[in-house]
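I opened this model to look up a few local features. My notes follow in the order I took them.

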Amino acid sequence: MTDNNRDKWHRLPKVSIDKKAITKHMKKVETATTRHAHKFVIKRWNNVREVQRHVVGWILVMGFLIAATGLQLMWNQQSYKTTAPADDGIYAEAVLGPVDTLNPIFAKSSAEQSASHLMFSRLLKYDKTGHLNNDIAKDIKIDVSNTIYTVTIRPDVKWHDGVGLTADDIAFTIDLIKNPNVRSTITGWDDIGVKVIDDGTIEFTLKATYAAFEHALTFPILPKHILGDITPANIRENDFSQNPIGSGPFKFSFLQDVDIKSGRKIITMDRNQRYFGGVAKLSRFQLHVYDTTDAIDHALSQSEVNAAADLLPANISHVDMKRYAVVSKPIQSGTYALINVRSVALSDLILRQALRLAVNTKAILDKLPAGTPILDLPFTDGQLTGDVPKAPGYDLTAAKKLLEDNGWVLNSQNTREKDGKELKISVVTMKDSELETVLEVLAGQWRALGVSVETKIVDPTDVTQNVAQTILQPRSFDVLLYRLNIGADPDVYAYWHSSQISSQGLNFSNYSNVVSDDALASARARVEPALRNAKYLTFTKQWLADVPAIGLYQPTTQYVHSRNARSFEGSTVLVTADDRYSDVLDWSVGTKTVYKTP
């Protein structure tokens, strides 16, 4: 490329810029922009604000509708949902020991009795109404003489090891109970004949009609295939007593020694999946065994357990009512001041009548749990019907006059005496805080009458005192403050018939009366309810006239459970405290949400 051409390539054309035209054009653009901004933004700003208010309003309305819909959905869900007891819980119940054996035919303590009811079945059991109902029995037939009972048992009953329960097991258990070398705590079977008809049928033969016999069919049944080869005298010491096999709703898992010195143990039982009565809601049941009620009280406060039996009124006052519920239920027993009518001091009917008039039962009940029923007869309320007699009420003035009219006058020590002889009686009771409290009140009332009262408290669990041989059998007392187990049937023959006055009998009052004996013997030999009731009314009238005892009250059992645990219902009727387990299959811990069944 030549130099001339290079010069042409780099030479730029001259451009003429009209500044006035540009300025004029920019002013037009500015004017147009301002006009559009004014028209489309500034003039419409109020419209935007108004639209904003509408938008916000619609948002609020939509939010309310969504919230309302959600609430309605939740409400509708609640209408077809409900809470129900949870499954597979662990129930830990505190009971009073000791536990020396888990073989139920030797059970004595509350803990041993509780374990027996949970692990072993029976021919019959008490239901939650307090009436007898079938357990493993399917049917009972009674012959025309009312002395032969033929019992058919369920074919689906299994022992915890899977072996079927048969009539041989029932006969085997009764043979053990009868055998004196076994030393069973269950008695009364000596005169009963037992015959196995087949695997599912057993027959009982009585020597005479006994109206209350079916109540004897509540004994626990033992497995013959495990204990059949053991010498009867060695049954108690056998390993079975520590590792039992039953047929009840719960089966033994293990026994834990928590504190050997105090005897604290834990009996752990698992749900029996093969139980003929149905499967329990609870997966596990634990009995925590303590040696005193104070120890049970402490266990509750420390949440070692979620329920407790065997508590006394003094312990109940310590219970945290925010965490626990308390149930107080009467049992079919009676607490009596049993008067030894053969003692020198109280063989006189006038003295016994005066002592009865001086007893202020209301003052005694004030020291007991609220709702404790008065019991002034040898039967519990409802066992007799018709024109039921009543004992004379409290009348200290009448009691004093009765004694004074019979020559018992007050001396300078405010004690009554007659012919220079002081009116002095001994009153004995068992070691038990409730009975001890009642003893104190009772002794004070009789002292107010002018009687010199000597009290004594004995411990039946103390082998060194040997209460049975030193106190009960020789009747070494003027008055015995004692509990009598009456039961569901009004047969009180064992406590008041003269044939039971012997050292082995339970007629601790030494009471004997021809009219009473005849009424008691006749009543148990008749099966017609109306005739039995009439006989017992006759006995009651004579019993009140003779004053062999002073009825005080019907004992109650105190039960505590955590508020998230479900145990026996408040309407349950208890024959004994252990009958709280009548509906144990329905017990639970905690709750769950479930859909309602349409």
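**Salt bridges.** I call a salt bridge a side-chain nitrogen of Lys or Arg within 4 Å of a carboxyl oxygen of Asp or Glu. Side chains of opposite charge can pair when their charged atoms come close. I worked on a predicted model, where local features need pLDDT of at least 70, side-chain atom pairs count only at pLDDT 80 or more, and totals for chains, interfaces and linings use all residues. Residues are numbered from 1 along each chain as its sequence is written, and side-chain values use heavy atoms, with hydrogens and water left out.

I started with Arg524, which forms a salt bridge with Asp491 at 3.0 Å, N to O. The pair links distant parts of the chain, 33 residues apart: Arg524 is in helix α15 (residues 514–524), and Asp491 is in the loop between β20 (479–485) and α14 (493–496). Helices (H or I, at least four residues) and strands (E, at least two) are DSSP runs, numbered from the N terminus.

Next I checked cover. I used relative accessible area: buried is under 20%, exposed is over 50%, and partly exposed is in between (1.4 Å probe, protein chains only). Asp491 counts as buried at 13%, while Arg524 is partly exposed at 23%.

I then looked up Asp156. Its salt bridge partner is Arg154, with the closest N and O atoms 2.9 Å apart. Asp156 is partly exposed at 34%, and Arg154 is partly exposed at 25%. Asp366 pairs with Lys362, the closest N and O atoms being 3.7 Å apart. Both Asp366 and Lys362 are exposed.

Asp432, Glu434 and Arg483 are linked in a network of salt bridges. The count by this rule is 17 salt bridges.

**Backbone.** Most residues other than glycine have a negative phi, and most peptide bonds are trans. I looked for exceptions. The Gly97 to Pro98 peptide bond is cis, with omega near 10°. Pro98 lies in the loop between β2 (90–96) and α4 (110–119).

Asn414 has a positive phi, near 60°. I found Asn414 in the loop between β15 (409–410) and β16 (416–418). Asn414 counts as exposed because its relative accessibility is 54%. Val547 also has a positive phi, about 50°, although it is not a glycine. Val547 sits in the loop between α16 (529–546) and β21 (549–553). Val547 is buried, at 0%.

I turned to the second largest pocket, with about 320 Å³ of space. Of its 19 lining residues, the closest to the centre are Thr129, Gly130, Gln332, Ala488 and Val573. A pocket here is an open set of points on a 1 Å grid over the protein atoms alone, where a 1.4 Å probe fits, with protein on both sides within 12 Å along at least five of seven lines; lining residues have an atom within 4 Å of a point. The volume is the space filled by probe spheres set on the points, which are joined across faces, edges and corners.

**A contact.** Val575 and Ile331 are 244 residues apart in sequence but 5.2 Å apart in space, C-alpha to C-alpha. Val575 is in the loop between β23 (565–566) and β24 (588–589). I noted Val575 as buried, at 6%.
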